[in-house]
Amino acid sequence: MVRSTIITNGPLTENYYVPGGNSLSIEAMALIKKYNLEFRPYRESELLQGTEDVIDESRSNDTVGTEQDVARLLLRSALVNAPLTEIARLEDGKYVYEVKYDYKLFPLDINTYEFQIRLPFDGTQMVAGSEVKLTVLTPQSSNIDGNETKGIGENGEEIQELIQDLTATGRSVTTFHYQLDPLFKVRYMHNSPVLTNLLAN
């Protein structure tokens, strides 16, 4: 189950489509992965962009274009509508939305699962000072793969995760935090004591 709170400077008008629908065959999954499509929340307009000509592409023998569009349509068939609910409007004019949905995980192999989500949601942008936080609670008796668990920032930098084991429940919590703000550091050393330096100048 996924629960997201989104605070924006302006209203969000489109609904999102999220992984929670029909199961897909191994062949369909392979086609979706071939075109680097992700199982994550999408606006339908963004997900289906360019697919309206799939029949024309097939008639003109554009096999690659047809295959790309079919991959998008297959992904759409496994997503369900998850409407945003406006839960507050803050005094500074910001909007607060919540979206909740069950996220269907497809196994990578017999015992391996992977949860992926791209933040912020499609259709929103981070401005200076914006931040995203993600907390994932895994099922009982699961082990986090520390090599494959990672966050990747918009410039390709890795976002450090924090993994904590909850021994009383047999679960693990993985958290990420990313803030779109520059960090400036100035570190220097000098050979003269500060007082001497000040007196000399």
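**Reading features in a predicted model**

Me: Is asparagine 61 buried or exposed?

Reply: Asparagine 61 has a relative accessible area of 65%, so this residue is exposed; the term applies over 50%, buried applies under 20%, and partly exposed lies in between (1.4 Å probe, protein chains only). The model is predicted, so local features need pLDDT of at least 70 and side-chain atom pairs count only at pLDDT 80 or more, while totals for chains, interfaces and linings use all residues. Residues are numbered from 1 along each chain as its sequence is written, and side-chain values use heavy atoms, with hydrogens and water left out.

Me: What is the phi of asparagine 61, and where is the residue found?

Reply: Most residues other than glycine have a negative phi, and most peptide bonds are trans. Asparagine 61, although not a glycine, has a positive phi of about 60°. Its place is the loop between α3 (54-59) and α4; helices (H or I, at least four residues) and strands (E, at least two) are DSSP runs, numbered from the N terminus. Asparagine 36 also has a positive phi, near 55°, and lies in the loop between α1 and β3. With 66% relative accessibility, asparagine 36 counts as exposed. As for peptide bonds, the one from leucine 119 to proline 120 is cis, with omega near 0°. Proline 120 belongs to the loop between β6 and β7.

Me: How many aromatic pairs does a search of the whole structure find?

Reply: A pair of aromatic rings is described by the distance of the centres and the angle of the planes. The search finds four pairs; rings of Phe, Tyr and Trp (its six-membered ring) pair if their centres lie within 6.5 Å, and planes under 30 degrees apart count as stacked, over 60 as edge-to-face and the rest as tilted. Tyrosine 95 and tyrosine 97 have ring centres 6.3 Å apart and planes at 10°, so they are stacked. Tyrosine 95 is buried at 15% relative accessibility, and tyrosine 97 is buried at 4%. One aromatic cluster is formed by Tyr101, Tyr103 and Phe115.

Me: Which residues have the most contacts inside the largest nonpolar core?

Reply: They are Leu24, Phe39, Leu75, Leu84, Tyr101 and Phe121, in a core of 30 residues. A nonpolar core is a set of buried Ala, Val, Leu, Ile, Met, Phe, Trp, Tyr and Cys residues joined through side-chain atoms within 4.5 Å. Elements that each supply at least two residues of this core include β1 (2-8), α1 (26-34) and α4 (63-77). A second, separate core has six residues, among them Val132, Ile159, Phe176 and Tyr178.

Me: What is the order of the strands in the open sheet that contains β7?

Reply: Strands of a sheet pair through backbone hydrogen bonds, either parallel or antiparallel. Here the order is β7-β11-β10, with antiparallel pairing; two strands pair if DSSP finds at least two bridges between them. β7 (131-137) and β10 (162-166) are at the edges and have a single partner strand each, so one side of each lacks a neighbour in the sheet.

Me: How many bridges join β10 to β11?

Reply: Five bridges join β10 to β11 (residues 171-179). Leucine 162 stands opposite threonine 175, and glutamine 164 stands opposite valine 173. The two strands form a hairpin with four residues between them, and glycine 170 in the turn has a positive phi of about 75°.
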